[in-house]
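Dear colleague,

I am handing over the structure below, and after it you will find a careful account of what was found. Please keep the view open while you read, so that you can follow each part in turn.

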Amino acid sequence: AVSEGNGGLPKISLKSPHGSEAEIYLFGACVTSWKVPNGKDLLFVRPDAVFNGQKPISGGIPHCFPQFGPGPMQQHGFARNVNWSITDSEVTEGDPTVTLELKDDSYSRSMWDFSFQALYKVVLHSTSLSTTLKIINTDDKPFSFTSALHTYFSASIAGVSVKGLKGSKTLNKDPDPKNPLEGKEERDEVTFPGFVDCVYLGAPSELTLDNGLGDKIVISNTNWSDAVLWNPHLQMEACYKDFVCVENAKRLKQYNWVQKNLGWQSRKLNLSEANGLRTVQCGEYVVKGPFYVSANVNMCHSPMYFNLC
Ligand SMILES: O=P(O)(O)OC[C@H]1O[C@@H](O)[C@H](O)[C@@H](O)[C@@H]1O
């Protein structure tokens, strides 16, 4: 169901028969709320978030596309501050599902001169939320991009920990975001005693977030090779204690999961088939037809610490 949300912006509400609920704004295709059956919202929207259709919504699950972080265009790209449209909505095995679409237009072309289609599928299961982003190159020339799902989780920061990152290569943006320090994560559990802004390269396909509020959230992903942990600490004094960002990212500008010469039918390939495709570095091939990269994030709420995926 589409209704008027904050600031009069159109909002989709999903309700599962199991009692979970989600809300998605068409502006930025931003999931702003995911309530599990006990009514708790596991996502967080910052108190300074604006819903005016001009600035990105600071909270929930904003998109960073086609640029993650600072770069030639505005921070985190343009996908989070434009309107997406609904292409499909259905109930899949009892679970409400919606697919949103973004295509190039004169605004996107003014920053990034490529023809593309982005499809974002959100499925609300009983205790998990699945978000799949698929980028299709509809141009006749190759492009590269970086991307992230910049998820804000509700949290009590003093009790937050993230497990699963030990051994990953790190690019620590603290103290100097312009010159990230290379390193390696040595901790079993990453905690947030102060400012944290760190990119993890080659992050595993599963992370476990303890939000400090009594919930364990398993964040499993397919094809997002990197992760980011961010908490602004005193830079956002009013709210830093109440959230943590655990982001799934694709930071390196290269194509993975790209197949040459796919026809139009390539859109019908599913993720498991996509996983089997070979890796092609950007610039090594000639594009003959549309191709795509797709990525899926699955967040399972698991209060008893069982992985319900
Ligand atoms: O304020 P924005 O543009 O939403 O970005 C928030 C944060 O996003 C994170 O992904 C970055 O690592 C941080 O450096 C940045 O401050």
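Pro 66 lies in the loop between β5 (63-64) and β6 (85-92), where strands, like helices, are DSSP runs numbered from the N terminus (E, at least two residues, for a strand; H or I, at least four, for a helix). The model is a predicted one, in which local features need pLDDT of at least 70 and side-chain atom pairs count only at pLDDT 80 or more, while totals for chains, interfaces and linings use all residues. Residues are numbered from 1 along each chain as its sequence is written.

The peptide bond that joins Phe 65 to Pro 66 is cis, with omega about 0 degrees. Another cis bond runs from Asp 174 to Pro 175, with omega near 15 degrees, and Pro 175 is placed in the loop between β13 (169-172) and β14 (181-184). As background, most peptide bonds are trans, and most residues other than glycine have a negative phi.

The loop between β5 and β6 also holds His 76, whose phi is positive, near 65 degrees, although the residue is not glycine. Is His 76 buried or exposed? His 76 is buried, because 23 other C-beta atoms lie within 10 Å (buried means 20 or more other C-beta atoms within 10 Å of the residue's own, exposed means 12 or fewer, and partly exposed is in between, with C-beta atoms placed from the backbone). Glu 93, in the loop between β6 and β7 (95-103), likewise is not a glycine and has a positive phi of about 45 degrees, but Glu 93 counts as exposed, because it has 7 C-beta neighbours inside 10 Å.

His 76 is also one of the residues around the ligand, together with Ser 58, Gln 75, His 150, Lys 173, Pro 177, Asp 197, Val 228, Trp 230 and Glu 247; a residue belongs here if its C-beta atom, placed from the backbone, lies within 6 Å of the molecule.

Finally, there is a sheet to look at. Four strands form an open, antiparallel sheet in the order β1-β2-β3-β4, where two strands pair if DSSP finds at least two bridges between them. β1 (2-4) and β4 (30-35) stand at the edges with a single partner strand each, so one side of each has no neighbour in the sheet. Within this sheet, β2 (residues 10-15) and β3 (residues 21-25) pair over five bridges in the antiparallel sense, and Ser 13 has Glu 23 in β3 as its bridge partner.
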